[in-house]
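Visitor: I'm new to this one and would like a close look at a single part. Could you take me through the strands and what sits between them?

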Amino acid sequence: YTEPTLVKRGERVNIQSGKAGLLISAPGVAIMDGIKGQQIPVKNVSSQRVIHATVTAPGQVTVTF
């Protein structure tokens, strides 16, 4: 059994970051395919920076700072 791919390369994703009750989200683009729990590189559309985020749901990734 293999985990389903929740995020596909080139797909627009929602980058979420939360800490102490504060939730921030930003648009991004996945740089590679990812399954739940996998860390993948994602390009933040606003800043053009590439960050590493964890796949949490279809089209959604989370970053912890």
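How many bridges join strand β3 to β5, and do they run parallel or antiparallel?

Guide: Strand β3, residues 22-30, is joined to β5 by three bridges, and the two run antiparallel. Before going on, a word on where this comes from: this is a predicted model, in which local features need pLDDT of at least 70 and side-chain atom pairs count only at pLDDT 80 or more, while totals for chains, interfaces and linings use all residues. Residues are numbered from 1 along each chain as its sequence is written, and side-chain values use heavy atoms, with hydrogens and water left out.

A strand here is a DSSP run of E with at least two residues, numbered from the N terminus, and two strands pair if DSSP finds at least two bridges between them. Back to our pair: look at G28, whose bridge partner in β5 is N44.

Five strands close into a barrel, in the order β2-β3-β5-β6-β7, with mixed pairing. From one strand to the next, the twist averages 55° (angles run from 0 to 180 degrees between N-to-C directions, and the axes are lines fitted to C-alpha atoms).

Q48 isn't a glycine, yet its phi is positive, near 65°. Q48 counts as partly exposed because its relative accessibility is 48%; buried means under 20% relative accessible area, exposed over 50%, and partly exposed in between, with a 1.4 Å probe and protein chains only.

Next, β6 and β7 pair in the antiparallel sense over three bridges, and A57 has Q60 in β7 as its bridge partner. Their hairpin has two residues between the strands, and G59 takes a positive phi near 70° there.

Finally, the inside. The largest nonpolar core has 12 residues, including I15, I40, A53, V61 and V63. Such a core is a set of buried Ala, Val, Leu, Ile, Met, Phe, Trp, Tyr and Cys residues joined through side-chain atoms within 4.5 Å. β6 gives the most to this core, with three residues. Take A53: leaving out residues up to four places away in sequence, A53 touches Q38, Q39, I40, V42, V61, T62 and V63, where contact means heavy atoms within 4.5 Å.

Note on methods:
Helices (H or I, at least four residues) and strands (E, at least two) are DSSP runs, numbered from the N terminus.
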